[in-house]
Amino acid sequence: MASQTLPRKPRLIGPRKTFAIVASMYNEPLMNGLLESTKAELLGLMPAASVPLYRVPGAWEIPVCAEYVLQYTAADVIICLGIVVRGETGHADLITQSVSDKLQEMAVRHLTPIINMVLLVNNEADARARVFGDQMNRGVEAARAALNMAELFSKLHTAYPTPRKNEDE
């Protein structure tokens, strides 16, 4: 069962942050709602944030764009947004599982938070509830998760500015 509560609002104490958004254009009316709620929450809680937007055709293209953003920009956090509606085959499940796996691999490899809000839903009504809902708005959830991770990583960078030496070296 999906969580019905939003994450807490973060206590923002750090400097200006960059939150890159990589968003699918597929299912455009729903995606626009998800994108707008994400941006509104980010900028409502951190008005000085930089929020560059990169649009890709569909969910499948999100990881390659996110990898490019990781390698060529100074984004503090990447937020990936997409909506995949299940059909009669298992294609949607394969797409979202692959996207999720790649995004997590990139986050760990680059030590940069990636918020995966590529939603797999059963139908348009489920998508609407998650995109336009007050109690379960996945755009607000993505923004709060991104802000919380940015603050956590600021604290980690301050406390541990250099990597530990590997004992084998």
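Mentor: Begin with helix α3, where K102 and E105 both lie, three residues apart, about one turn of the helix. Keep in mind that this is a predicted model.

Trainee: Which helix holds both R128 and E124?

Mentor: The side chains of R128 and E124 meet in a salt bridge at 3.4 Å, N to O. R128 has a relative accessible area of 40% and is therefore partly exposed, and E124, at 44%, also counts as partly exposed. The two residues are four apart, about one turn of the helix, and that helix is α4.

Trainee: Is R138 buried or exposed?

Mentor: R138 and E141 are three residues apart in helix α5, so about one helical turn separates them. Their side chains meet in a salt bridge of 2.4 Å, N to O. Buried means under 20% relative accessible area. The value for R138 is 9%, so R138 is buried.

Trainee: How many salt bridges does the structure hold?

Mentor: The pairs discussed include K102 with E105, R128 with E124 and R138 with E141. For the structure, the count of salt bridges is six.

Trainee: What is the volume of the largest pocket?

Mentor: Its lining consists of L111, F153, L156, H157, Y160, T162, P163 and R164. By class, these are five nonpolar, two polar and one charged. The volume of the largest pocket is about 230 Å³.

Trainee: Is Y160 buried or exposed?

Mentor: Y160 is in the segment after α5 (138-159). Together with L152 and L156, Y160 forms a nonpolar surface patch with about 310 Å² of accessible area. Exposed means over 50% relative accessible area. Y160 has 60%, so the class is exposed.

Trainee: What is the phi of L111?

Mentor: L111 is one of the residues lining the largest pocket, and its place is the loop between α3 and β4 (114-121). L111 is exposed, because its relative accessible area is 60%. Although L111 is not a glycine, its phi is positive, at about 50°.

Trainee: Which loop holds N27?

Mentor: N27 is not a glycine, yet its phi is positive, about 60°. Its relative accessible area of 24% makes N27 partly exposed. N27 lies in the loop between β1 (19-24) and α1 (28-45).

Trainee: Which elements each supply at least two residues of the lining of the second largest pocket?

Mentor: About 190 Å³ of space lies in this pocket. Of its 13 lining residues, Y26, A59, I83, V84 and I95 lie nearest the centre. The lining divides into eight nonpolar, four polar and one charged. The elements that each supply at least two residues are β3 (77-85) and α3 (91-110).

Conventions: Residues are numbered from 1 along each chain as its sequence is written. This is a predicted model: local features need pLDDT of at least 70, side-chain atom pairs count only at pLDDT 80 or more; totals for chains, interfaces and linings use all residues. Side-chain values use heavy atoms; hydrogens and water are left out. On a 1 Å grid over the protein atoms alone, a cavity is a set of points where a 1.4 Å probe fits but cannot get out, and a pocket is an open set with protein on both sides within 12 Å along at least five of seven lines; lining residues have an atom within 4 Å of a point. Grid points are joined across faces, edges and corners, and a volume is the space filled by probe spheres set on the points. Ala, Val, Leu, Ile, Met, Phe, Trp, Tyr, Cys and Pro count as nonpolar, Asp, Glu, Lys and Arg as charged, and the others, Gly among them, as polar. Patches are made of residues with over 30% relative accessible area and no salt bridge: like charges are joined within 9 Å, nonpolar side chains (Val, Leu, Ile, Met, Phe, Trp, Tyr) within 5 Å. Accessible areas come from the Shrake-Rupley method with a 1.4 Å probe; for residues, only the protein chains shown count as cover. A salt bridge is a side-chain nitrogen of Lys or Arg within 4 Å of a carboxyl oxygen of Asp or Glu. Buried means under 20% relative accessible area, exposed over 50%, partly exposed in between (1.4 Å probe, protein chains only).
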